[in-house]
Amino acid sequence: MNTTNTILEIRQLSRSYRSVKAIRELSLSINAGQAFGLLGPNGSGKTTTLSIIAGILKQDAGTYSWFGEDPPTPQQRTKIGSLIENPHFYPYLTLEQNLKIICEIKQIGYNDIDRVLEETKLSERKKSRFKTLSLGMKQRLGIAAALLGDPQILVLDEPTNGLDPEGIAEVRDTVMAQVEKGKTLILASHILSEVEKICSHVAILKNGELLASGSVEEILAEEEVVEFSCAENEKLKAILQNSDIVLHTRTENGLLVATLAPGMQSSDLNKFAFENLFVITHLRSRKKSLEAHFLELVK
Ligand code: ATP
């Protein structure tokens, strides 16, 4: 595992509300520059997880560290912009006045307001009262508030909830533009297609438990992912790299994990290895189980 650019490490985090176990021993690692989706149905523990890492809620057990620091310093917290549940704005104040209040809370100057309004395409409404905005605009203002102070990381909880298709597209464009600018994104959503469109990595949650995590390509894509090993994993990996059997191969806990090229099956991989004098001692398809987990989630 590459720990040098790990931005957030969550270890065995648990939290209950009375008898309800909202998250159970959740462990995750998020790297700089990733667009990371927390995907799961309602009640799977996404908001609880985000609230803990944003410092709004205390966990019962487990730890997390931002930037390798546990707990994060107030200075480090300023690098994290979050929008969790509905943003609270004053209906009769203008967008600018509302953002000024948030600048005061964040203890930063007002000079960032024009930039964040520009980035969320709300500049023209700067002097409008909050209550006159469409739902999509209100949500974008929430993102604008999170962007004040230019944090390196954006934590967003279901930012497209309740919006019409146009509003969803506008919020999505706003979020994707931030990812393209290099921000690290942590996005909770119950919509598979939203995570697929925006995120590079995903963790699937159900009943507070982690079902799977990895790159979106690996977990949600059509290609089959297999894990396997032989006596000389690194040599096999090297020759597979130049074959047309796999798209890519990596090493994970002593096993090789490959994404097969479209149309290839694990039997093709086995045959290729055998023809090159490698005897595969362990071979298991990961796609089926992950897909099964996922279908279970979205049904
Ligand atoms: P949603 O998208 O519906 O908010 P979620 O995936 O974000 O779902 P959480 O909001 O984290 O999930 O909820 C996880 C579990 O904890 C659910 O069973 C929920 O009912 C419960 N829960 C969350 N907040 C509270 C609370 N304040 N008091 C009691 N139970 C709670």
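Is E158 buried or exposed? I looked this up to begin my notebook, and E158 is buried, because its relative accessible area is 9%. I use buried for under 20% relative accessible area, exposed for over 50%, and partly exposed for in between, with a 1.4 Å probe and protein chains only.

**Ground rules**

I am reading a predicted model, so I keep in mind that local features need pLDDT of at least 70, that side-chain atom pairs count only at pLDDT 80 or more, and that totals for chains, interfaces and linings use all residues. I number residues from 1 along each chain as its sequence is written, and side-chain values use heavy atoms, with hydrogens and water left out.

**Entry 1: the whole chain**

I began with the overall picture. The chain has 11 helices and 13 strands; these are DSSP runs numbered from the N terminus, with helices as H or I of at least four residues and strands as E of at least two. The C-alpha trace spans about 75 × 40 × 35 Å along its principal axes. Of the 299 residues in the chain, 48% are buried. Accessible areas come from the Shrake-Rupley method with a 1.4 Å probe, and for residues only the protein chains shown count as cover. For contacts with a separation of 6 or more, 67% are between residues 24 or more positions apart; contact means heavy atoms within 4.5 Å.

**Entry 2: around the ligand**

Next I turned to the ligand. Its surroundings are Y17, V20, A22, P41, N42, G43, S44, G45, K46, T47, T48 and E158, where a residue counts as near if one of its heavy atoms lies within 4 Å. I was pleased to meet E158 again in this list. By residue type, the shell holds 4 nonpolar, 6 polar and 2 charged residues. Here Ala, Val, Leu, Ile, Met, Phe, Trp, Tyr, Cys and Pro count as nonpolar, Asp, Glu, Lys and Arg as charged, and the others, Gly among them, as polar.

Then I checked some distances to oxygen atoms of the ligand. A polar side-chain atom of T48 is 2.5 Å from one. For S44, a backbone N or O atom lies 3.0 Å from a ligand oxygen. A polar backbone atom of G45 is also 3.0 Å from an oxygen atom of the ligand. On its own the ligand has 630 Å² of accessible area, and the protein covers 59% of that. Two elements give two or more residues to the shell, namely β2 (20–31) and α1 (46–53). The largest share, 3 residues, comes from α1.

**Entry 3: two residues with positive phi**

I went back to E158, which sits in the loop between β6 (153–157) and α6 (165–180). Its phi is near 45°, a positive value in a residue other than glycine. Most residues other than glycine have a negative phi. N207 is not a glycine and has a positive phi too, of about 50°. I found N207 in the loop between β8 (201–206) and β9 (209–215). N207 is partly exposed, because its relative accessible area is 49%.

**Entry 4: the nonpolar cores**

Which residues have the most contacts inside the largest nonpolar core? They are L99, L141, L156 and L185, in a core of 37 residues. A nonpolar core is a set of buried Ala, Val, Leu, Ile, Met, Phe, Trp, Tyr and Cys residues joined through side-chain atoms within 4.5 Å. Helix α5 (residues 135–147) gives the most to this core, with 6 residues. Another core lies apart from it and has 24 residues, including I53 and A188.

T6 lies in strand β1 (residues 6–17) and is buried, because its relative accessible area is 12%. The side chains of T6 and N31 are joined by a polar contact of 3.4 Å. Such a contact is a pair of N or O atoms within 3.5 Å; within protein, one must be able to donate a hydrogen and the other to accept it, and residues adjacent in sequence count only if both atoms are side-chain atoms.

K127 is in the loop between α4 (113–119) and α5, and with a relative accessible area of 61% it is exposed. The side chain of K127 makes a polar contact of 2.6 Å with the side chain of E96.
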